[in-house]
Amino acid sequence: MFAALAGSCALSACGGGGGDGASASGEDPQGTGGAAVSGSGGGTTTSGGATTTSGGATTGDGDGGAGGEGGTIGSGGSPGAGGSGGSTGDKVPPEPSTGCNKANPQTGSAQSPLTVSGHQYYVKLPTNYDASKPYPVMIMFNPTGNPISWAEQNAGFETTGPKEAWIRVYPHPANSSSGWGAGDVSFFQPFYDQITDNLCIDKARVFAAGESSGGDFSSILGCEHADKLRAVGPCATKNVSQYPLNAGTRKCTGQVTAVVIHGKRDSVVGTDNGPKTRDFYNQLNHCQASTTPVDGYTDDLSNCVMAQGCDEDYPVYWCQHGDPNYSNTNHGWPAFAPKFLWNLFSTY
């Protein structure tokens, strides 16, 4: 059982650093810096499909980052409401990994990353890291055609709040120009084993998120490795044919909370896959079609709703945002995303 959702980011917590990513070959051209913070607005939303369609672009999958200050996930669409798939009970106790009580854990860096199964990654430890304390971990998968440092610089988790409370892990695809794909899925088990053996991780609170091909990957892991993950935050996904969004045929290893984020005018990967990903997790978690808006996230720059009737402790959120981030393509990692995920995942 997990405690009810409440609280907000302190000070400027969860705002990302805006900033340019490096251009590269791939699916679309590189975008520039972060959007302004999204404000709270009026109005309700529903979980209907996307309203616009657009063709794919030409060269890179890279992305500008999020920006802005923290907000609150409030009571209007309270994910903690009973019967709405929110958390209603006490928090489960921490599940320490085998890396607890190990002195001087390897962390690597963007300049000198660690390697596992043909992939690079590095780790940012919480301020005053205590090797005897199991920490939640956020794994952030970067978009195609960007340096390994993209997520640290742009995803918004190197701020007050996450920096003190979470271990942050930043992996890199085996082929940066191709991005994350079906061929990378086998890397996750040895990667997971390596970080849990090396770091003091709370295995009951492992979170994964990603943008564009990184979003595809975090969504795949939310099914294939649901037994290791508590929640996922896939953003700006596209179809991966080897892992169809069919809850009846995929052999998921459990359930996760899912925050599905997609631009309603995404002109890079189009708008179809966001609703399909939402529906996939709604089916897995037995959610109803009806939704409730999430307080503080009802404006066009976030536009988040929570599905009703989901299995207890496994809510599904759908954020069909209009943030123009990433060269006005509506494809990027939106400004509200880090504060939303921090507020929500911190309650687990």
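This is a predicted model: local features need pLDDT of at least 70, side-chain atom pairs count only at pLDDT 80 or more; totals for chains, interfaces and linings use all residues.
1. Helix α3 and its buried face. Helix α3 spans residues 188-198, and its buried residues are Phe188, Phe191, Tyr192, Ile195, Thr196 and Asn198. An α-helix has 3.6 residues a turn, so residues that lie three or four places apart point the same way. The numbering of Phe188, Phe191, Tyr192 and Ile195, each buried, may be read along the helix with this in mind.

2. What covers α3. Several strands and a helix take part in covering the buried residues of α3. Among them are the strands β1 (114-116), β2 (119-124), β3 (135-141) and β4 (167-172). The cover also includes β5 (201-211) and the helix α4 (213-224).

3. The largest pocket. This pocket has a volume of about 220 Å³, and 15 residues form its lining. Nearest its centre lie Lys203, Ala204, Asp227, Lys228 and Leu229. Strand β5 gives the largest share of the lining, four residues. Sorted by class, the lining of the largest pocket holds eight nonpolar, six charged and one polar residues.

4. Rolling a probe the size of a water molecule over the atoms shows where empty space is left. A search of the whole structure gives two cavities of 30 Å³ or more.

5. The largest cavity. The space in the largest cavity is about 90 Å³. Its lining includes Asp216, Ser219 and Ile220, together with Thr237, Lys238, Asn239 and Val240. Tyr243, Leu245, Arg250, Asn273 and Thr277 also line the largest cavity. Helices α4 and α5 (273-284) each supply at least two of the lining residues, and the largest share, three residues, comes from α4. By class, the lining of the largest cavity has four nonpolar, five polar and three charged residues.

6. The lining of the second largest cavity has 10 residues, and Arg278, Asn282, Ala307, Val316 and Trp318 lie nearest the centre. Helix α5 and the strands β9 (304-307) and β10 (316-321) each contribute at least two residues to this lining. Its classes are six nonpolar, three polar and one charged. Helix α5 therefore supplies at least two residues to the lining of the largest cavity and at least two to that of the second largest cavity.

Note on methods:
Residues are numbered from 1 along each chain as its sequence is written. Side-chain values use heavy atoms; hydrogens and water are left out. Buried means under 20% relative accessible area, exposed over 50%, partly exposed in between (1.4 Å probe, protein chains only). Contact means heavy atoms within 4.5 Å. On a 1 Å grid over the protein atoms alone, a cavity is a set of points where a 1.4 Å probe fits but cannot get out, and a pocket is an open set with protein on both sides within 12 Å along at least five of seven lines; lining residues have an atom within 4 Å of a point. Grid points are joined across faces, edges and corners, and a volume is the space filled by probe spheres set on the points. Ala, Val, Leu, Ile, Met, Phe, Trp, Tyr, Cys and Pro count as nonpolar, Asp, Glu, Lys and Arg as charged, and the others, Gly among them, as polar.
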